[in-house]
Amino acid sequence: MKILKLAILAILISFVYQCKDSKKEMNEASEDMQADDEKNEVMEKMEEQAKTLQFSLEPKSNSKVEGVVNFTETEGSVTMTATLKGLEQGEHAIHIHEKADCSATDGASAGGHWNPTNEPHGKWGAETGYHRGDIGNFTADAEGNATVTFSTGEWCIGCEDANKNIVSKAVIVHQGVDDFTTQPSGDAGARVSCTGIIE
């Protein structure tokens, strides 16, 4: 009888320890799931906060200028990075134009500079005024390659503010240099490359 009681006690003790181990494993699994959920929430927020668009620039006006342009929006600022090739060595202008239409062979279908605030043309940030599309000039190397990077809090990707939203506009690369004074476009010459900004 004593042996039977001891055996039952041993079984009960073993059962208690198994329950504790099982509870511990369940707690650890629950903590892992909670950590995964928190990690997923952070990743989702980061994805929501960072919007990225990428487009290919196509040659216009019988040029060979092509490339890729990226727009990334994070924390209320948009960064444009354009990588170009096929340019003549030297300075060229790049602007955002009012329509995402590159159908014309000379790029004229993209319309004029994007200027939702009806300012005069000028250098970005000028006190006398500037268009929201007045990015400025950049320099191509001897091989005709160039990279342009531009960041501003005055643009957004797909927001409801028509004065900031770059979607449905176009990126135009010009043959010449923007003089920042000639109205309405800086006398930058032929449009040699174009892409529409479509979300």
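Modeller: Start with cysteine 102 and cysteine 194, which form a disulfide. Keep in mind that the model is predicted.

Colleague: How do you know that cysteine 102 and cysteine 194 form a disulfide?

Modeller: Their sulfur atoms are 1.9 Å apart. The cut-off is within 2.5 Å. The pair therefore counts as a disulfide.

Colleague: What handedness does the link of cysteine 102 and cysteine 194 have?

Modeller: The angle about the S-S bond is -70°, and the link is left-handed.

Colleague: What parts does this pair tie together?

Modeller: Cysteine 102 lies in the loop between strand 4 (90-97) and strand 5 (136-140). Cysteine 194 lies in strand 8 (residues 191-196). The pair therefore ties together parts that are 92 residues apart in sequence. Both cysteine 102 and cysteine 194 are buried.

Colleague: How many disulfides are there by this rule?

Modeller: The count is two. Cysteine 156 is joined to cysteine 159, with an S to S distance of 1.8 Å. That value is within 2.5 Å, so this pair is a disulfide too.

Colleague: Why is the disulfide of cysteine 156 and cysteine 159 called left-handed?

Modeller: The torsion about its S-S bond is about -60°, so the disulfide is left-handed.

Colleague: Is cysteine 156 buried or exposed?

Modeller: Its relative accessible area is 3%. Buried means under 20%, so cysteine 156 is buried.

Colleague: Why is cysteine 159 called partly exposed?

Modeller: Cysteine 159 has 28% relative accessibility. Buried needs under 20% and exposed needs over 50%. The value falls in between, so cysteine 159 is partly exposed.

Colleague: What pattern do the disulfides of the chain follow?

Modeller: With bonded cysteines counted along the chain, the pattern is 1-4, 2-3.

Colleague: Now the rings. How many aromatic pairs does the structure hold?

Modeller: There are five aromatic pairs.

Colleague: Which residues form the aromatic cluster?

Modeller: Phe71, Trp124, Tyr130, Phe150 and Trp155 form one cluster.

Colleague: What elements does the chain have?

Modeller: The chain has one helix and eight strands. From the N terminus, the order is α-β-β-β-β-β-β-β-β.

How values were computed: Residues are numbered from 1 along each chain as its sequence is written. This is a predicted model: local features need pLDDT of at least 70, side-chain atom pairs count only at pLDDT 80 or more; totals for chains, interfaces and linings use all residues. Side-chain values use heavy atoms; hydrogens and water are left out. Helices (H or I, at least four residues) and strands (E, at least two) are DSSP runs, numbered from the N terminus. Rings of Phe, Tyr and Trp (its six-membered ring) pair if their centres lie within 6.5 Å; planes under 30 degrees apart count as stacked, over 60 as edge-to-face and the rest as tilted. Buried means under 20% relative accessible area, exposed over 50%, partly exposed in between (1.4 Å probe, protein chains only).
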